[in-house]
Amino acid sequence: SNARLKLAGMEYCIWTLQHADQDQLRLVGPLVLQGLVKSLTGQRPATLDQGAVRLRAFSYEGIAELSKRLPQAFSDNVEIIGVLMREVTTEVEQVKVSAMECLRLIASAYKSTGSDAKAKLEQMLNVTVSSPSVTLRLLSVAWASTVFKTQDLHGLFLVIQATGDAEES
């Protein structure tokens, strides 16, 4: 069936991301990343069957794998993080864990990014750290502690701001 073919294709995509030669991955990585993000942000059915849930989880897994193998595909593109953070708030519980893990792992790709991208990231995290969504607040703290050094005032401010979270006390 079509759903089984999509799942098999996604499994193959992840296997390829894990085993591809670095030079080949450098060439096709940004295109694969764009396709994986598009598969998450495209039209979503009202109810997700088990196959659709697995497909979305695989998409997040593929993005996370790509961030480990090809961090430069992410490092200057902060918009991807905004898109994925919006998506995580609307995910069903079965996929939310994969989405959160993906976002947590992607943070490492932004450790050595330039000052312009870090400034954009800081602005975004300043908004999400005070979001009504507990998920976004937790992710914001994880990102601040991963991307910004603890001696960096920006990261320290975000972490301190999150300590006042009444729901996490």
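Visitor: Contact means heavy atoms within 4.5 Å. With that settled, which residues is K96 in contact with, leaving aside its neighbours within four places in sequence?

Guide: In this predicted model, K96 is in contact with V88, T89, E91 and T135 once its neighbours within four places in sequence are left aside.

Visitor: Where is K96 found?

Guide: K96 is found in helix 5.

Visitor: And is K96 buried or exposed?

Guide: K96 counts as buried, because its relative accessibility is 15% and the cut-off for buried is under 20%.

Visitor: Let me step back. How many helices and strands does the protein have?

Guide: The protein has eight helices and zero strands. Read from the N terminus on, its elements run α-α-α-α-α-α-α-α.

Visitor: What share of the residues counts as buried?

Guide: The protein has 169 residues, and 42% of them count as buried. The accessible surface comes to about 9500 Å², with 57% of that belonging to carbon and sulfur atoms.

Visitor: What share of the contacts joins residues 24 or more positions apart?

Guide: Among contacts with a separation of 6 or more, 73% are between residues 24 or more positions apart.

Visitor: Let us turn to helix 4. How many residues does helix 4 have, and how far does it reach?

Guide: Helix 4 covers residues 79-90, which makes 12 residues. From its first C-alpha to its last it reaches 18 Å, close to the 16 Å expected at 1.5 Å a residue.

Visitor: Which residues of helix 4 are buried?

Guide: The buried residues in helix 4 are I80, I81, G82, L84, M85, E87 and V88.

Visitor: What covers them?

Guide: The cover for the buried residues of helix 4 includes helix 2 (22-41), helix 3 (50-69), helix 5 (93-106), helix 6 (115-128) and helix 7 (134-147).

Visitor: Take helix 7, then. At what angle do the axes of helix 4 and helix 7 cross?

Guide: The two axes cross at roughly 145° and come within 10 Å. The crossing of helix 4 and helix 7 is right-handed.

Visitor: Which residues meet there?

Guide: From helix 4, I81, M85, V88 and T89 meet T135, L136, L139 and W143 of helix 7. By class, this contact of helix 4 with helix 7 has six nonpolar, two polar and no charged residues.

Visitor: A change of topic: T128. Where is its place, and is T128 buried or exposed?

Guide: T128 has its place in helix 6. It is buried, with a relative accessible area of 9%.

Visitor: What is T128 in contact with, leaving aside neighbours within four places in sequence?

Guide: With those neighbours left aside, T128 is in contact with M85, L136, R137 and S140.

Visitor: Last, helix 3. Why is helix 3 described as largely enclosed?

Guide: Helix 3 is largely enclosed by the rest of the structure because 14 of its 20 residues are buried. It reaches 28 Å from its first C-alpha to its last, close to the 28 Å expected at 1.5 Å a residue.

Visitor: What about K68: buried or exposed?

Guide: K68 is found in helix 3 and counts as exposed, at 53% relative accessibility.

Notes. Residues are numbered from 1 along each chain as its sequence is written. This is a predicted model: local features need pLDDT of at least 70, side-chain atom pairs count only at pLDDT 80 or more; totals for chains, interfaces and linings use all residues. Side-chain values use heavy atoms; hydrogens and water are left out. Helices (H or I, at least four residues) and strands (E, at least two) are DSSP runs, numbered from the N terminus. Buried means under 20% relative accessible area, exposed over 50%, partly exposed in between (1.4 Å probe, protein chains only). Accessible areas come from the Shrake-Rupley method with a 1.4 Å probe; for residues, only the protein chains shown count as cover. The expected span of a helix is 1.5 Å times one less than its number of residues. Axes are lines fitted to C-alpha atoms, for helices over the stretch in contact, and angles run from 0 to 180 degrees between N-to-C directions. A crossing is left-handed if the near helix is turned anticlockwise from the far one by less than a right angle, and right-handed if clockwise. Ala, Val, Leu, Ile, Met, Phe, Trp, Tyr, Cys and Pro count as nonpolar, Asp, Glu, Lys and Arg as charged, and the others, Gly among them, as polar.
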